[in-house]
Amino acid sequence: MASTTSPSERRGIPAAAFVHDVQTFLTQSNYDASTALVALQDRLQQYKLAEMKLLAQRRDLQGKIPDIKKCVEIVATLKSKKGTGETMKVDFELAEGIYSRAKIPEADSVCLWLGANVMLEYPLEEAMKLLQSNLENATASLKVIIEDAQFLRDQVTVTEVTIARVYNFDVHQRRKLRNQGKKEAS
């Protein structure tokens, strides 16, 4: 029986090997139980740190996607009003909870924030393409992050189970030695 399943990785995240036979695992890795437990705890902390980073990225994307969708809707509305000579009345947020009403005349272009205090003016068609591309990229990134987070949760579970198995194996071995010592003393 092999001591571990063959490990793989996902996007640079190493997979935790499931330990089938603790004795073989310890022998093959040249660890005693306490050294193995320290190494496994370190790996567990690395997984949890990576998981926290992924969750932060997930929250950021989940906040950005609705904003991008709103922008796509606004540009689509501006495109639909183009050529009608109609002005649009909109409410926009100046600060948290403070709104103002504005009349927007027919527009051929919009200004988009690109980040780092950079705003560029785009024709409506280009703006729509850029926003749709950003929405597709953000959605795809979110999907990958969710899959990576699930992979990490699985690795955390496997590592925690391995820690428990190594710990229980160590306790069992110590009891055996203690019982053998009692028998020899009798």
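Trainee: Is Asp-148 buried or exposed?
Mentor: Asp-148 counts as buried, at 1% relative accessibility. Buried means under 20% relative accessible area, exposed over 50%, and partly exposed in between (1.4 Å probe, protein chains only). Keep in mind that this is a predicted model: local features need pLDDT of at least 70, side-chain atom pairs count only at pLDDT 80 or more, and totals for chains, interfaces and linings use all residues. Residues are numbered from 1 along each chain as its sequence is written, and side-chain values use heavy atoms, with hydrogens and water left out.

Trainee: Where is Asp-148 found?
Mentor: In helix H3. Helices here are DSSP runs of H or I with at least four residues, strands are E runs of at least two, and both are numbered from the N terminus.

Trainee: And which residues does Asp-148 touch?
Mentor: Arg-10, Arg-11, Ile-13 and Leu-54, leaving aside residues up to four places away in sequence. Contact means heavy atoms within 4.5 Å.

Trainee: Salt bridges next. How many does a search of the whole structure find?
Mentor: Seven. The criterion is a side-chain nitrogen of Lys or Arg within 4 Å of a carboxyl oxygen of Asp or Glu. One of them joins Glu-160 and Lys-48, at 3.8 Å from N to O.

Trainee: What does the pair of Glu-160 and Lys-48 tie together?
Mentor: Parts that are 112 residues apart in sequence, because Glu-160 lies in helix H3 (residues 124-185) and Lys-48 in helix H2 (residues 33-81). Glu-160 is partly exposed at 36% relative accessibility. Lys-48 is also partly exposed, at 31%.

Trainee: Which residue does Glu-125 meet in a salt bridge?
Mentor: Lys-79, with an N to O distance of 2.7 Å. That pair links distant parts of the chain, with Glu-125 in H3 and Lys-79 in H2, 46 residues apart. Glu-125 is partly exposed at 47%, and Lys-79 is partly exposed at 29%.

Trainee: What about Glu-86?
Mentor: Glu-86 forms a salt bridge with Lys-81, where the closest N and O atoms are 2.9 Å apart. Relative accessibility is 40% for Glu-86, partly exposed. Lys-81 has 24%, partly exposed too.

Trainee: Back to H2. How many residues does it have, and how far does it reach?
Mentor: H2 has 49 residues and spans 71 Å from first C-alpha to last. That is close to the 72 Å expected at 1.5 Å a residue. The expected span is 1.5 Å times one less than the number of residues.

Trainee: What follows H2?
Mentor: Gly-83, with a positive phi near 90°.

Trainee: Now the strands. In which sense do S5 and S6 pair?
Mentor: Antiparallel, over six bridges, with S5 at residues 109-115 and S6 at residues 118-123. Pairing needs at least two DSSP bridges between two strands. Cys-111 has Glu-121 in S6 as its bridge partner. The hairpin has two residues between the strands, and Ala-116 takes a positive phi near 50° there.

Trainee: Last one. Which residues form the nonpolar patch on the surface?
Mentor: Phe-92, Leu-94 and Ile-98, with about 290 Å² of accessible area together. Areas come from the Shrake-Rupley method with a 1.4 Å probe; for residues, only the protein chains shown count as cover. Patch residues have over 30% relative accessible area and no salt bridge; like charges are joined within 9 Å, and nonpolar side chains (Val, Leu, Ile, Met, Phe, Trp, Tyr) within 5 Å. Leu-94 sits in strand S3 (residues 88-95) and counts as exposed at 57%.
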